[in-house]
Amino acid sequence: MIYLYILHNNLKQSAKNLGLDGNFIFQHDNDPKHMARNLKMLCLFHCKQQLYTPPQSPDINIIENLWAILETAVQKHKIGNKAHLKQVIPEEWGKISSDTTKKLVESVPRRLEDIIKVKGHATKY
């Protein structure tokens, strides 16, 4: 339910902030929470185009790159307990610039071309 809430409340605004408005392809991996009925219904009405990809595939799925950026930033803190971690994660997530996200989104066509060139094997991404 949290994923659905985040997606519902942020998808359109994030697309707009990236200059995509309604012209974007929403990428899914095969994670079970991405396949829930409620999410499928939300996407049916709000995501004109969808792309299903393998789970945890950084070659295709840019969220894996964002998680890596976040993890690197969080590791710079001396986390002593769960409460501190819960404080640091949103702070560091908020520091990831829209330019970083935009560059990752813009890299998708190159990523797909590279994957085709290497016939599905790992790429530099």
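This is a predicted model: local features need pLDDT of at least 70, side-chain atom pairs count only at pLDDT 80 or more; totals for chains, interfaces and linings use all residues.
Let's start with helix α4. It has 14 residues. From its first C-alpha to its last, α4 reaches 20 Å.

What caps the N-terminal end of α4? N81 does. A side-chain oxygen of N81 lies 3.1 Å from the backbone nitrogen of A83.

Now try the length check on helix α3. This one covers residues 62-75, which is 14 residues. At 1.5 Å a residue, α3 should span 20 Å. Its end C-alpha atoms are 20 Å apart, so the model agrees with the expectation.

Stay with α3. Which of its residues are buried? They are I62, N65, L66, L70, A73 and V74. And what covers them? The cover includes α4, α5 and α6. In residue numbers, that is 82-95 for α4, 98-106 for α5 and 108-117 for α6.

Pick out N65 from that buried set. The side chain of N65 makes a polar contact with the side chain of R111, at 3.1 Å. Where does R111 sit? It lies in helix α6. Is R111 buried or exposed? Its relative accessible area is 3%, and the cut-off for buried is under 20%, so R111 counts as buried.

T123 has 18% relative accessibility. Buried means under 20%, so T123 counts as buried. How far is T123 from R111? In sequence they are 12 residues apart. In space, C-alpha to C-alpha, the figure is 7.9 Å. What does T123 touch? Leave aside its neighbours within four places in sequence. Then T123 is in contact with D59, D114, I115 and V118.

Over to the strands. H28 has its place in strand β1, residues 25-29. H28 has a relative accessible area of 2%, so it is buried. Now compare H28 with L51. The two are 23 residues apart in sequence. Their C-alpha atoms are 5.9 Å apart in space.

For contrast, look at the surface. Y5 lies in helix α1, residues 2-17. Is Y5 buried or exposed? Its relative accessibility is 58%, and exposed means over 50%, so Y5 counts as exposed. Y5 also belongs to a nonpolar surface patch, together with I2 and I6. That patch is about 360 Å².

Last, step back to the whole protein. How many helices and strands are there? There are 6 helices and 2 strands. From the N terminus on, the elements run α-β-α-β-α-α-α-α. The C-alpha atoms fill a box of roughly 40 × 35 × 30 Å, taken along the principal axes.

How much of the protein is buried? Of its 125 residues, 27% count as buried. The protein exposes about 9,100 Å². Carbon and sulfur atoms supply 58% of that area.

One more number, on contacts. Take those between residues at least 6 apart in sequence. Of these, 58% join residues at least 24 apart.

Technical notes. Residues are numbered from 1 along each chain as its sequence is written. Side-chain values use heavy atoms; hydrogens and water are left out. Patches are made of residues with over 30% relative accessible area and no salt bridge: like charges are joined within 9 Å, nonpolar side chains (Val, Leu, Ile, Met, Phe, Trp, Tyr) within 5 Å. Accessible areas come from the Shrake-Rupley method with a 1.4 Å probe; for residues, only the protein chains shown count as cover. A salt bridge is a side-chain nitrogen of Lys or Arg within 4 Å of a carboxyl oxygen of Asp or Glu. Helices (H or I, at least four residues) and strands (E, at least two) are DSSP runs, numbered from the N terminus. Buried means under 20% relative accessible area, exposed over 50%, partly exposed in between (1.4 Å probe, protein chains only). The expected span of a helix is 1.5 Å times one less than its number of residues. Contact means heavy atoms within 4.5 Å. A polar contact is a pair of N or O atoms within 3.5 Å; within protein, one must be able to donate a hydrogen and the other to accept it, and residues adjacent in sequence count only if both atoms are side-chain atoms.
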